[in-house]
Amino acid sequence: MTSNRHNEAVLDAARDCVLAYGVRRTTLTDVARRAGVSRMTIYRHWPDVRTLVADLMTREWMRVIAELDLSEPVGAVVEGVRRLREHPLWRKIVDADPELLLPYLLNRRGASQDAVLDLLEAALGDPRRARAVLLAAQSFLLSAPTMLGPVTLDDLDAELTAMLEAYLG
C-alpha cells in the first residue's frame with residue numbers, strides 16, 4: 001500500500017487550502033474534506049498542518065527545480081529564483097505566513113534545500129561553492145522585494161547573474 005504521505009490528492013487539497021486560507025487558517029479537517037478522505041487518514045500520516053505543508057513545499061519547489069537546465073548553473077539558479085518568486089504557494093506563504101520559512105533560514109535545511117544542494121554539488125563539483133550559491137540564491141529570493149526602487153526585479157536578477165558568473169567563472 002502506498003503511503004498517503006505522498007498522496008497527490010492530499011497534497012493538492014493542502015495546496016488549495018493554503019492558497020485559499022493561508023497556513024495558519026488551514027486545518028487538517030479542511031484538507032481531508034477537500035481531498036475526499038477521512039480525517040483519520042490525514043492524521044495517520046501528518047500529525048499537523050505544518051508537517052503537511054512542509055511536504056507540500058518540498059513537492060512544489062522540486063517541481064520548479066526539475067524544470068531547470070543545470071548544464072548552465074548560473075542561468076538555472078537565476079531562473080529558479082525567478083520561478084519560485086512567482087510561484088503562487090511561495091507568494092501566499094511570504095505574504096500570509098512568512099514565519100513558516102524561518103526554521104529553514106535559521107535552524108535547519110529542509111528536504112528541498114538538501115535536494116538543491118545535491119544538484120548544485122553535481123553541477124559545480126564543489127560542496128562549498130554549492131552552499132555559497134544556494135545562500136546567494138536564497139537571499140535574492142527572499143529579500144529582493146525589499147530592494148526595489150529605483151531598481152526592478154529584472155535588474156536584481158541581472159545582478160545575481162553577474163555575481164554568479166564572476167564567482168563561478
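Visitor: Is Ala-132 buried, partly exposed or exposed?

Guide: Buried means under 20% relative accessible area, exposed over 50%, and partly exposed in between (1.4 Å probe, protein chains only). Ala-132 has a relative accessible area of 31%, so Ala-132 is partly exposed. A word on the source: this is a predicted model, where local features need pLDDT of at least 70, side-chain atom pairs count only at pLDDT 80 or more, and totals for chains, interfaces and linings use all residues. Residues are numbered from 1 along each chain as its sequence is written, and side-chain values use heavy atoms, with hydrogens and water left out.

Visitor: Where is Ala-132 found?

Guide: Helices are DSSP runs (H or I, at least four residues), numbered from the N terminus. Ala-132 belongs to helix α9 (residues 127-143).

Visitor: What should helix α10 span?

Guide: The expected span is 1.5 Å times one less than the number of residues. Helix α10 (residues 153-168) has 16 residues and should span 22 Å; its end C-alpha atoms are 22 Å apart, which agrees.

Visitor: Which residues of α10 are buried?

Guide: They are Leu-156, Asp-157, Leu-160 and Leu-164. These residues cover an arc of only 100° around the axis, so they lie on the same side of α10. That arc is taken from the directions from the helix axis to the C-beta atoms.

Visitor: What do the buried residues of α10 pack against?

Guide: Contact means heavy atoms within 4.5 Å. The buried residues of α10 pack against α5 (73-86) and α9. On the face turned away from the buried side, α10 carries the exposed residues Asp-154 and Ala-166.

Note on methods. Helices (H or I, at least four residues) and strands (E, at least two) are DSSP runs, numbered from the N terminus.
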